[in-house]
Amino acid sequence: MVKHIILWTLNPELSEEEKKQVKAGIKAGLESLVGKVPGLVDVKVHIDGRLVSSNADVMLDSTLESEEALKGYAVHPAHVAVANGKVRPYTVHRSCFDFEI
């Protein structure tokens, strides 16, 4: 099993209402991929409860069956559509940490 953790910082030019809508879209889009992308076991997108000490706005916590499944997820058309439509246009920074569990 592999964990795929992503932290995003949203574009600071977005209004608070826009950020709220963007976060909801990211959460809905990514969490909907379970059952669509082979090898994607679980997805949780954290958008609420952020403490002031945080330096990111959104966290993706996903579990995949293997490193090969992670490679397939990265290029799967459903994932690419969410990334290109709901994530990339609204974020200015991305950090990734992948590891075996």
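Two strands pair if DSSP finds at least two bridges between them. Helices (H or I, at least four residues) and strands (E, at least two) are DSSP runs, numbered from the N terminus. The model is predicted: local features need pLDDT of at least 70 and side-chain atom pairs count only at pLDDT 80 or more, while totals for chains, interfaces and linings use all residues. Residues are numbered from 1 along each chain as its sequence is written, and side-chain values use heavy atoms, with hydrogens and water left out.

**Strands**

Strand β1 (residues 2–10) pairs with strand β3 (residues 58–64) in the antiparallel sense over seven bridges. β1 is also joined to strand β4 (residues 91–100) by nine bridges, and these two run antiparallel. Strand β2 (residues 40–46) is antiparallel to β3, with six bridges between them. Some of the bridge partners are listed here.

| Residue | Bridge partner |
|---|---|
| K3 | F99 in β4 |
| I5 | D61 in β3 |
| L7 | M59 in β3 |

Burial is judged by relative accessible area: buried means under 20%, exposed over 50%, and partly exposed in between (1.4 Å probe, protein chains only). By this rule β1 is mostly covered, with eight of its nine residues buried. β3 is largely enclosed by the rest of the structure, because six of its seven residues are buried.

**Residue D61**

D61 lies in strand β3. Is D61 buried or exposed? Its relative accessibility is 16%, so D61 counts as buried. The side chain of D61 makes a polar contact with the side chain of K3 (2.6 Å). A polar contact is a pair of N or O atoms within 3.5 Å; within protein, one must be able to donate a hydrogen and the other to accept it, and residues adjacent in sequence count only if both atoms are side-chain atoms. Contact in general means heavy atoms within 4.5 Å. Leaving aside residues up to four places away in sequence, D61 touches K3, H4, I5, D42, V43, K44 and H46.

**Helices α1 and α3**

The axes of helix α1 (residues 16–31) and helix α3 (residues 77–87) come within 10 Å and cross at roughly 180°. That makes α1 roughly antiparallel to α3, a term for angles over 145 degrees. Axes are lines fitted to C-alpha atoms, for helices over the stretch in contact, and angles run from 0 to 180 degrees between N-to-C directions. On the α1 side, V22, G25, I26, G29 and L30 meet H79, V82, K86 and V87 in α3.

Terms used. Angles under 35 degrees count as roughly parallel, over 145 as roughly antiparallel, 65 to 115 as roughly perpendicular and the rest as oblique.
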